[in-house]
Structures are given as structure tokens and as C-alpha cells.
Amino acid sequence: MLNFSNLTVRLGGRTILDRASAALPPRARVGLIGRNGAGKSTLMKVMIGSLEADDGDLDKPRDLRIGYIAQEAPSGTSTPIETVLAADKERAALLLESETCEDHDRLGDVYERLLAIDAYTAPARASTILVGLGFDEEMQNRPLDSYSGGWKMRVALAALLFSEPDLLLLDEPSNHLDLEATLWLENFLKNYPAMMVVISHERDLLNNVVDHILHLEGGKTTLYTGGYDSFERQRAERAAQLAAAKAAQDAQRAKLQDYIARNSARASTAKQAQSRAKALAKMQPIVAMVEDPSLSMDFPSPADGLKPPLITLDMASVGYVADQPVLQRLNLRLDPDDRIALLGRNGNGKTTLARLLAAQLKPMDGGIAAAGKMRVGYFTQYQVEELDVDDTPLEHMTRIMNGKTPAAVRAQLGRFGFSGDRATQKVGKLSGGERARLALALITRDAPHMLILDEPTNHLDVDAREALAQALNAYEGAVVIVSHDRHMIELAADRLVLVDGGTAREFSGTLDDYTDLILGKNQPRGGEGANGAGAGSNGGGAGKAAKKDKKAAAQAREQLSTLRKSVKSMEDRIATLTARRSEIDRAMFDPASASPADAKRTTSDLMKLRADVERELETVEAEWLEANEALEAVG
């Protein structure tokens, strides 16, 4: 499907790709990985055709439909649903032609093709994708210009997925997504019917979606089978083999050098020595894999430990506009050893809660109590974006650690890989991951008692994310993290707090439970909400508990009966709609067999009527599936 050999690309005098080669199997699902700056996006641009290689060959089918997200986000007065539907250019062209075509034979071909490509179910499919990426019905019908850049990029992603290209190219698709949308995207990509190449640093996505890993390092590519964990094992084995081969070669080299030194001056052995010298000169050195020291992260732990609790919220409310709280009835306690992940869709208030905990917002109502001497390190993406590009890491740290010795400033930078010359490189020349590490170094310069990290992994590659997780585990303070990286949450958090419905409360299940809930595989039982509220309650005595159990059982029976009636009603409606769709199809393609009412309708009217039936059928089928899942959960 896609092969490239000896690709060489130079940008700004620097060689990015150096005779890179790989043969990607048909329908392969490839994860393209490598350190930040390795050239992943450059290779993808060559695949797309927007960048021409200086040398080498790229072989792909001439009629291959390639889909990718353009650099600029969509904008204008069009709505998200209109933008997504417009991505299917064939459908849009056929629908336009059906309205103007006067050639009956051609019109029949148009209608037949529209049916073949499921043109009339397109609005339902487009809406499903948008819902998965966080757009409810109201949001789908708002102008694009009413959205931020991140939400516009979600629309661009939805349009790309809807168009179903033969080769789907995705460059960090989860960067603008929350955890919930990331989970949906991963589930969608598992079932994508064609070939894909995805640049991602999400370990879970690389394990659950792809079947090949294309590793880019030193300008060259190596193709591995399996997901990311398999790649790590294979690469570790390769590293061990290289290390063993290098050790054997070093021993042989030392032996040859010793022989040459001892025998070059003796006439009887001079020829043998010369022969060995030639062999030594021809010996190609084996380079072992070297770990990058710049990956290091080390959060300074507070020397002055504080007694619990660090923070207590008591029926607190918080927001930005008077009398319009974003979150209310907040009851939460954080202790020095807590590791908390905040869950919930973007816009539900995770950042608002984080800012309250960081003392950047004051409660509108209720109480908040915090340890008097508590220091908080608060990381956001804004801090990364606001770094002065003309300053160096050393200048940034010297300014913020005013009064500290140069040695102390250098030591803090060294904790995050900015040693030696790296500390004096302009920020403007640093990669996104390096800037994120600098921001983390800056917020932890005073050894905070609590770290609040809002999407800290956005610019970090897989190795850097692993280093961050290890650093958090070694840190001896409290951690509150917001992240769409499930692997990071699993490694760094042991408490889950769901921010939803205008409040925040403990989520009683595991991250896998939350994943199932988001994907619709798990339904609430017995009146318990999706937030898991009440899971921590210890009850009020045996009698009270028994009464509660009886009430719950009665509610469950009533819910079961209602669901069964609902499922039966939906099944009857599906049968009616399916029969009606068949009647319309017969009327369109065999008018003689049509009912009198349908025979009077024009082809255009029949098309519109079929679209209405198809739309209702899609809705009822979705409700039927949801009701069946609920029925299984209750039963």
C-alpha cells in the first residue's frame, strides 16, 4: 500500500530524514513514534505530498485517497455538522446534481450512487462522530467562529474521520481532546476499516489501536510488529544484542591493537601485524543505544512536611461571574500523600477546581481551609506559551529564583535536563517538550507541598511522559493532575474525582470502570449515578440498610418493567420504519409497484421522505441499543 526507500529530507541545512526506508503492509495500522524533533511530522508531510524529499522514492497507489488535517482550523459561519457533512465531497456533489439534473437516466444513476454510499444516513453518522468528540446537539448547530481554536480542531478531526479516506493520517489527534473524547477516539479507530498512520505519544492508543510501530530515530526508520509494549520489548532485546556485540567487538579490537603493538617491530611477524592493522581499520564500530540524559525530571520534595489536611473544602462554590458559580457544593479534603486525578469533559470545571485549589480563585460561598505555610506548584499550558522566546532557561530561572546562588539555580535546571549548554540555549529554539520541562522546573523551584498539573503531557513524547510519571512517583508531596493520558493517570493517581453536573465528588470505581462508563458499556444500577456518588457511605444501621435495600429492589423491578416495554415499543417502531423504507425504495426504482400515495410523489420528494425515515430509524436504533444495554445492566 505504501512504501518508501532512501528518503532524505534536509531543512534549514539540517538532515531530518537520512535514507529512511520502510514497507507498510496493506491495511496496516501504524503508530509513527520518535523523540520530539526526530522528524515524524516531516515524514508525514512527505506521505501527504506537501513536502518533496531531496532524495529517495515514495511508492503509493495513484488513486489512493489520503486524509489528513490541514494546519488551519476551519472557521466561518458554517456549523460543525455542516462542516463535517461537507467533508464527503462525493455526497455533496451528488446531492447538488440531484437538484439540477434533467437527464432522467443520469438522475437514476445519481440516486443509485447516493444509496450505495449511504448518503441519507450521513447526518446521523456525522452527528455520532461529533457527539463522541464532545459536541451535543446545540453545539453542533452553532457557527464555527463561536468556538476556540481547540474546539475548531475537533471539528476538523470529525470531518476527517467522517470522510473515511483510504489512508488516514493523524498527527497527535488527542492534543486538543479531553480524556473522554480521547477514549471515544481510541474506540473509533479500533474499528476504522482502512489503513492508518498515526503520530501519537499515547501509550494506550498505541497498544490498543495499532498493529505496527514505525520508529524514527537518527533520521532512519525501523518497522516493528505489534503495539507499543511489543515495540519496547523488541527494542530492549535489540539494545541488549547491540550492547553484547559492542562488548565483543571492543574485546576483539583491544586484542588486535595489543597484537599490532607487540609484533609490528619484529620482522618475523610484521606482515601478520600489518594484516591485522588493515582488519582493524576496516572494522565498523557498533554503536550501542544511548539513553538521553535530557529526559531526566526530578521534582524537589518539601523538606518542611505539613500535617494533614492540606486543603479542606466545605460546601464551597466557585466561578468567575457573581452569582453564576461554575461549581457548587464542593466537599473535598486533600492530604499530603494524596494523588488525585480530576475526571470530566472539557468545560465541566476541572480547571476551575484546579485554580481554586491553587488559590488563584476564591470561593464565592462556603469554606476553604488551607495549611498556612503550604506552597503550591501549578502547571498550565499557558505557562509554556508565555515563556519569553528570547531568554534562556538560565535567565528564566535566575529571574524567578531571585536572591538564590548561581549554583542553586543551575541545580534546579539540572533536575529537568538543562545542564551545561542546554541552560543557555534560547527558549525560541527549544522543542515543545523542552519548554514544558522548563515550565515544570520553574513551578517547582521552591519544593512545593502540592503539585497541580493541568494537561502536563501535551508536548511530551512517550519517553518524556514515562520520565514525568517516575518523577511524580518519587515526589513526596500531594499531586492533583488533569490529563487525557490514561497511562499517566494510572501511574500517577490513586484517587479519582469526577467533575460533572456543576460539582465534584469521588468516583468510586477504577479508571477502567470510568472508561466503560464513557463508552456506554456500563450503566448505573439501582439509582446510583454515573458519578459513583454514595459509594463511600457506611450506612445508618442494619434496619436502615435493609429498608434501603428493599426500596432499591423495588425501584430495580419497576425500572426493569419500564425498560422491557420501551425495548418492545422500539422494536415495533424499527420494523415499521424498515418496511416504510423498502416501500419508498420500490417507488423510486419501480414506480409501477408503488402505492397510490407514493406514485403521486416526485423522485425528489421520495428522496427527502426516505432521508426523514432513515434519520428516524437511526435515532430509534441508537435508543434501542442503549435501552438493551440498560436492560442487561438492570437484569
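The model is predicted, and local features were taken only at pLDDT of at least 70, side-chain atom pairs only at pLDDT 80 or more, whereas totals for chains, interfaces and linings use all residues. Residues are numbered from 1 along each chain as its sequence is written, and side-chain values use heavy atoms, with hydrogens and water left out.

Six strands make up an open sheet of mixed pairing, in the order 5-6-7-3-8-9, where helices (H or I, at least four residues) and strands (E, at least two) are DSSP runs numbered from the N terminus, and two strands pair if DSSP finds at least two bridges between them. Strand 5 (66-67) and strand 9 (220-225) are the edge strands, each of which pairs on one side only. Strand 9 is joined to strand 8 (residues 212-217) in the antiparallel sense over six bridges, and Thr 225 in strand 9 is the bridge partner of His 212. Helix 7 (residues 149-163) packs on the sheet, where helix 7 touches strand 5 and strand 6 (contact meaning heavy atoms within 4.5 Å), and the direction of helix 7 makes about 160° with that of strand 6; axes are lines fitted to C-alpha atoms, for helices over the stretch in contact, and angles run from 0 to 180 degrees between N-to-C directions.

In helix 15 (residues 406-414), the buried residues are Val 409, Gln 412 and Leu 413, buried being under 20% relative accessible area, exposed over 50% and partly exposed in between (1.4 Å probe, protein chains only). Seen down the axis of helix 15, these residues fall within an arc of 100°, so they line one face of the helix, the arc being that of the directions from the helix axis to the C-beta atoms. Their cover includes helix 14 (393-400) and helix 16 (432-443). Pro 393, Leu 394, Met 397 and Thr 398 of helix 14 meet Val 409, Arg 410, Gln 412 and Leu 413 of helix 15.

Gly 477 is located in the loop between helix 17 (462-474) and strand 16 (478-482), and Gly 477 is buried, with a relative accessible area of 3%. Leaving aside neighbours within four places in sequence, Gly 477 contacts Pro 336, Asp 338, Arg 339 and His 449. Pro 448 lies 29 residues from Gly 477 in sequence and 7.5 Å from Gly 477 in space, C-alpha to C-alpha.
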